[in-house]
Structure formats: structure tokens, C-alpha cells
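Hi,

I'm passing a structure on to you, with some notes on what turned up in it. Have a look first, then read on below.

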Amino acid sequence: MTDGEPLLSVRNLKKHYPITEGILSREVGRVRAVDGISFDIARGETLGLVGESGCGKSTAASSIIQLEEPTEGEVIFNSEKYDPVTDPDADPHPNDVTEFDDRQLKEFRRQAQMIYQDPSSSFDPRMTIGESVAEPLRVHGLDDKERRRAIVQDLLERVGLSADDYHRYPHEFSGGQKQRVGLARALVLNPELIIADEPVSALDVSVQAEVLSLMNDIKEEFGLSMLFISHDLGVVREVCDRVAVMYLGEIVELGPTEQLFEDPQHPYTQALLSSIPVPDPRQRGMGVELSGDVPSPSDPPSGCRFHTRCPKVIQPEGYDFEQEHWRSVMDLRERVGKRSIDVDAVREYVVAERDGEIDEEAVTTDQMDAVIREEFDVPDPLPDADAEAVLAEALEYVARGDFESADDLLSTEFETVCETRKPTYTETRPGHKASCLLHETEAGDEFERSASLSD
């Protein structure tokens, strides 16, 4: 971050979509696509926003630029332009984009432009690219057609195209050329902020490099700030000054790019970074594997939203065994809670494994126990005797089809602080924050004790 007020400050931004049913469209729930994110972008800075598909990155972008109306929160833009001390009668929300009227919003959109993921779908095929790039100038009051043409032709040359391309149509350009045109259109109003939503994901790798290099050059030349949204961590590392990591509508880590890549502070970030391919064959298969599916944003988990998949989820007090086995037990417990273990299929499997020497009525609970443990990679027995006693009893309930008793037992005995306590956004070092209970002393010490056995 540079000194002075940031160009853009996002505060507790939320975007929820109602879930309705019936002819009266009664609201029965909400999809929390973006659920309380906050960050700043300094002047001249590029902030990367990363995460899996569906985590809320693009929704955050469209809410910031007001293509969608946020449910809650503030988007403060260019606050240095307004001084309530020298102008006490000014609008109480002069720089909160969410409070702008139509006139203010039009001015904001002159200063903040967007580059879209698919360059092909962001142009009207009936307009020449010169007309498409010039359209924002016309909308914002530049009526001189020749002046518009001169500005656009100059910009086309700046982004590596020809001034003569003004008269060509979108279908005549390659994907990389179209993205260059998209960059020219974003620059035509001389904005201060560009929001780039997956700007190179639809391009070949070689073309990506050219477009990214161009974007860096343009950023330096025009002194732009940029919000760069991507799921490609390699690209983010090359172009961003800082990185914010999103998971299920929340920012779980934010820090300087190199610091975050070299020493990630959140387990989710560690898992994302471990997925980057490395050329060293000795390091293959050493990445962090996430178990389970991404929860629904309409019903996010309690506590830490990542605890249902986290490889470092904290064990409850009184149990100590290898962390990988604890994760396996948690996966089993989650499936029990969802009643999604097919007991009949387990019995059929036991019979098939014994070549039909026994029938389903003769299958024992111990045999079913062994199959379920194997499916979830849970050792038999667990190295912690107390934990083993709880698990064995729960699996007996499962074998009898009594999921309610099994779920009650596992939920009571194996409840983790990660599901009951929401982590705070903690500064782990200057300018680097993470939302994880491992950075809160009591819980972190508890994890270190349990993790030490696996070292």
C-alpha cells in the first residue's frame, strides 16, 4: 500500500440473492454470494482477487462497479476528492458508490472501467470495433465524431493494433486482438481504476503473456489502479502487488504477493498454491489435497467456513492423533450427518468380496465397519484409544442404520472449535492478514500439539 488515502475502499460488502418458492415468491433463504468482504486498493496498485470458481469473485466485481446492487456495505471511491471539513454542507455520502444517484454513477463509471472475461461476447457484432471503443466517449458527451475517431485510433495503436483497424468488425479479430480492443475501450475515458475479470483465461498461454505484458505497460503509462480477478495463481503472481484470497463469499487471506506465495497463512491458500504444477518430479504428489465438496453458499457452514474441507482442522481437547486421520474422521462424520452412507450397498460389497459365501443377513457390524473405514481412509484402530472407542460405537450405529444416534455421538465427542467459533481477521505480520483460528493463541497451540505427532 502507498501512503495517503486509497483510491478504492470496500467495506463489509455483501451481495445476497433471495431464494423464493410458490406463486407468491415467498423468500425461504438466501444465496450469500459475497458475504462481508473488505479491502483497499491504493493509487497505482494492482490487487489480485483469487479463489475457486463460484467463490464470489465476479459477483464482487459487478457489485463494486454497480452492475448489480449490493445487499449491504460501502464502496468508497476517490475519497481525497471530498473534504467534509471545508464543505460541511456536502452530501453525507459523497464518495460511497452505493449511495450515488444516476448522475454520480455516470461520473463514477467514467473513472472506473471493466474488462470482461470473454472478449468475443463483450462486443456488438453489428458495430465496428472503432464504434464500440468510441461508444463510451459519445455516452459521456463527446459529440465531435472526428475527435472521437482520433482518440480511438491513437488508443488502438497504443494497445498494439493498427489505426486502420477502426473500421473492422469483431469477427475479423483473434481472441488476443479482441482483448486488446477491450483494453482500449476500458482506457478510452482515461479512468483511474480498471476491474479486470479473468481477462486472459479464454486465451492461449502465449497470447496471455502478450496481453499481460501489455496490461502492465498500460498500467505504468497511465498510472492506473487495478482489481485483477483470476483463478490462475501463476498469472496473479506476475501482475499483482497484493493478493486477496476468497472462499465461499469471504476473504480468508490478504497480503503482499511474494509474501503470500512464499509463506501462506491460511490452509486454503496453502492448498491453492500447492496445486500449481512444478517441473520437479520429486515434488509430484506432495500437494495439499482438499476433501469433500465446496458447501453451498445458500447454507454455509458455521464457524470457519473452510472447516468442512480443511486439512488442518483443529482437534477437540482430549484427543491426539495424526492430522490426516483426523481429517478422515471429520469427512466420515460429515457423511454420517448427511445420512449419505448407503448401508445396503456396504452389505452388498461385503457379500461380493466373499464371492457370495455369505448372504446379506450374515454380514456382521465388524465387516461393515472395516469397509466404511477403508472408504474414508480411517485406520483400524485409531491410534488414540479414546477416539477409537467413540468411532467404533458410532460405526455400530451406522451399520444398524441408526444415523441419528451415530450423528449425535460424533457431533458431541468430535466437535471442533473450527465449527463453533468464527475466526477473526488477524494480522499475522505487517500488512498480511488471515482469517484462521490457528493464528489465535489458544486454538493454535491446541493444533500444534495435535499436529506434532505427524511430524
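Strand 8 (residues 242-247) pairs with strand 9 in the antiparallel sense over six bridges; pairing requires at least two bridges found by DSSP, and strands (E, at least two residues) and helices (H or I, at least four) are DSSP runs numbered from the N terminus.

Before going further, please note that this is a predicted model, in which local features need pLDDT of at least 70, side-chain atom pairs count only at pLDDT 80 or more, and totals for chains, interfaces and linings use all residues. Residues are numbered from 1 along each chain as its sequence is written, and side-chain values use heavy atoms, leaving out hydrogens and water.

In the hairpin of strand 8 and strand 9, two residues lie between the strands, and Leu248 has a positive phi near 50 degrees.

Zooming out, eight strands form an open sheet of mixed pairing, in the order 5-6-7-3-8-9-11-10. Strand 5 (112-115) and strand 10 (425-429) stand at the edges with a single partner strand each, so one side of each has no neighbour in the sheet.

Strand 3 (residues 46-50) and strand 7 (residues 225-229) run parallel, joined by four bridges, and Thr46 stands opposite Met226.

Best wishes
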